[in-house]
Amino acid sequence: MVILTLNCGSSSAKYQVYDWEEKDVLCVGVVERIGLEYSTIEQKSAGKEEYHERFVSPTHKEAIELILKMLVDPEYGCINSLDEIGAVGHRVLHGGELFKKSTLVTDEVVEQLKTLIPLGPLHMPANIMGIEAARKLMPGVPNAIVMDTAFHQTMPEEAYMYAVPYEWYTKYNVRRYGFHGTSHLYCSKRAALLLGKESKDTNVIILHIGNGASACAVKNGVCIETSMGLTPLEGLVMGTRSGDIDPAIVAYISSNTGLTTQEMDTYLNKKSGLMGLCGMSDRRDVHEAAKSGNKLAQLGVDMETHRIKKYIGAYAALLGRVDAIVFTAGVGEMGEHIRKGACEGLENLGIMIDDEKNDLSHCRNAETCISKDESPVKIFVIPTDEELVITEDAYALMNGTYDIHTNFHYTFEDPDYVNKARARGLKENLKKNPQLERIIALPPQKAACSVKGC
């Protein structure tokens, strides 16, 4: 049996097929430019040529129709029949206060999701279209939704409430929700394993740094604070999003330029962040420009690392004891200059980065430790796996064994867990960079076994 995961964005649909029995990824792919003059699909099935094609996809329905067709394609597919799909897991942006954990999809659930569209007008309609298309095209197959916001629902009231009129909360659901929840869940549990601790005894600060970026403080295994708010706009400096600003800027610029509320929202979400500062949003481009003397690019790097460092300090104060700092997502996993800038100068908090180890850690197939040996706080780089969280939730919901994450055991919490696809990729990484092996982080049980040769 296989599990299909779907992540439908505003104009894209990412997907993965996971063989539950073999515990291995069979296929990954993405459809982009949905709703434009033409769309594209890229698919890579294990052991087969990568497939690229242009096609017309006015809505997510046509995109998912093509995805299902390609999954069973004799040349490029990964399964023989759609009957092999036992469940579909969907990533959903916003659960509001209605969905505080993953759940199976029913007609009632779909209608409840529609009431949350105002909280995520860009992504929620696409999420819902993906769910409806999957249910129509594969009738009888269980569908599960996994909310980006669910992991953060353990925040105390003083953390998730805003100091605004209380009726804004009671009437319009204005509060901090937080996002990247599946990533923060995965990384917090992997960090606990690498530390040799139970999740319930672990305090970590997770930094999910991609085009979108968020910080999360996890105390005793649960989220107590996160940087994103009502929407994914608040918090860290991001690729195109401003992160934290003085709210008065909105009214000030609007009155001086005549920009509407909607136009201001577009500026803050799509034309700000690093894009607004230096005209680039890809951290690789920003980094190269900064090294070449572009002062605005350097300012962007400095602002991003300054903001991350500020959040680390704030969250360290909230946690009291920090066991580890975790970097994850595209930039967190591959941007050693961002990790260095964020951690430098935090020795007084027990955070001591090792520059040589940090420079070595440039790989998405291994969990690495980049802190100095004597650092009281470990610094880990943990490649995230949101798809696996969605897969496991969908499988458990289908079988009636699912529960909230504090009462649920994921396969990736086992010391012997191996991501087979990444293990294959790591072999290639080690051929090119043998020194990488010395910074690979292992659970204490496996590390001890490795030393003894057992």
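Predicted model: local features only at pLDDT ≥ 70, side-chain atom pairs only at ≥ 80, totals over all residues.
**Exercise 1.** State how strand β1 (residues 2-8) and strand β6 (residues 85-92) pair, and over how many bridges.

Solution. The two strands run in the parallel sense, joined over 5 bridges; strands are DSSP runs of E of at least two residues, and helices of H or I of at least four, numbered from the N terminus. Two strands count as paired if DSSP finds at least two bridges between them.

Residues are numbered from 1 along each chain as its sequence is written, and side-chain values use heavy atoms, without hydrogens and water.

**Exercise 2.** Give the strand order of the open sheet and name its edge strands.

Solution. The 8 strands follow the order β5-β4-β3-β2-β1-β6-β8-β7, with mixed pairing.

**Exercise 3.** Describe how helix α1 (residues 60-71) packs with helix α3 (residues 124-137).

Solution. Their axes (lines fitted to C-alpha atoms over the stretch in contact) lie 9 Å apart, at an angle of about 50°; angles run from 0 to 180 degrees between N-to-C directions. α1 and α3 are therefore oblique, a class left after under 35 degrees (roughly parallel), over 145 (roughly antiparallel) and 65 to 115 (roughly perpendicular). Contact (heavy atoms within 4.5 Å) involves residues including Ile 64 and Leu 68 of α1, and Met 129 and Ala 133 of α3.
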